[in-house]
Amino acid sequence: MQVVFDRPKALCDVPLHYCPGCTHGIIHRITAEVIDELGIEGDTVGICPVGCAVTAYDYFGCDMIEAPHGRAPAVATGVKRANPHLTVFTYQGDGDLAAIGTCETVHAAARGENITVIFVNNTIYGMTGGQMAPTTIPGQVTQTTPYGRKPEVNGFPVRMCEMLATLDGTALAQRVAVDSVPHIKEAKAAIKKAFENQINKRGFSIVEILSTCPTNWGMTPSEAMERLRTEMIPYYPLGVYRDTDVWSQ
């Protein structure tokens, strides 16, 4: 019998700990598929800080390093500069990357560090119980905004791709989603391009992936997917915000 669908070699054969309906599993899979297709597993290092994916070292077959909360781009910078031949990626959530890690993210992009950042945006703090995140949408109910996020009180959300696209060191800033097969294919293509950018020494690449968090949103998996489509994508439009070869300008 011909095998038409199988587990990527770069993804370990172990059960995932994520909640039902969480799309981290989809993102893990397409990232592992890209690593397989590029044939770089033995020369790849992933960096995961605090967040729902804190135990991603259990799932990826490549070398993985734990980083302090928000500091993955700094750790990735050190690994890449010490070992330029390696392909280095960070895997970060919005509470990590866009809050405590904002400084590391912005300055890694400003320097044009030749690393790949996979940014999972589910508009909430997932692992720590559902507090408001920097990406929480106005009106969204969280544990710390029980009446909805009010910009006049809580400020406005941070749009990371739009902000990083203004920096000369950013080679790729693209926002994708994983709510449908076409969007999943686009997300995989974006991740692959981000890895290829690094291999070709083009500069800093970030792929922002709109994701779900059914548990902390208080929704079923199907309801969470619908919210991603009807609320998140309109507020965070999908698309390429910057695409250039930094070091050939």
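**Helix H9 in its chain**

Modeller: Of the 249 residues in the chain, 53% are buried. The model is a predicted one, and its secondary structure comes to 9 helices and 7 strands. With a radius of gyration of 17 Å, close to the 18 Å that the globule rule gives for 249 residues, the chain is as compact as a globular protein of that length. Along the principal axes, its C-alpha atoms fill a box of roughly 50 × 50 × 30 Å. Of the contacts between residues at least 6 apart in sequence, 68% join residues at least 24 apart. The chain exposes about 10,700 Å², and carbon and sulfur atoms supply 57% of that area.

Now to the helix itself. H9 takes in residues 221-235, and at 1.5 Å a residue these 15 residues should span 21 Å; the end C-alpha atoms lie 20 Å apart, which agrees. H9 also has a bend of about 35 degrees, located at Leu228. Leu228 is one of the buried residues of H9, along with Ala224, Met225, Arg227, Met232, Ile233 and Tyr235. An α-helix has 3.6 residues a turn, so residues three or four places apart point the same way. Ala224 and Leu228 are both on the buried list, as are Met225 and Met232.

Note on methods:
Residues numbered from 1 in each chain as written. Predicted model: local features only at pLDDT ≥ 70, side-chain atom pairs only at ≥ 80, totals over all residues. Heavy atoms only, no water. Helix = DSSP H or I, 4+ residues; strand = E, 2+ residues; numbered from the N terminus. Expected span 1.5 Å × (residues − 1). Bend = angle between axes of the 7 residues up to and from the residue. Buried < 20%, exposed > 50% of the residue type's maximum accessible area, 1.4 Å probe, protein only. Rg over C-alpha atoms; globule rule 2.2 N^0.38 Å. Contact = heavy atoms within 4.5 Å. Areas by Shrake-Rupley, 256 points an atom, 1.4 Å probe, with all protein chains shown as cover.
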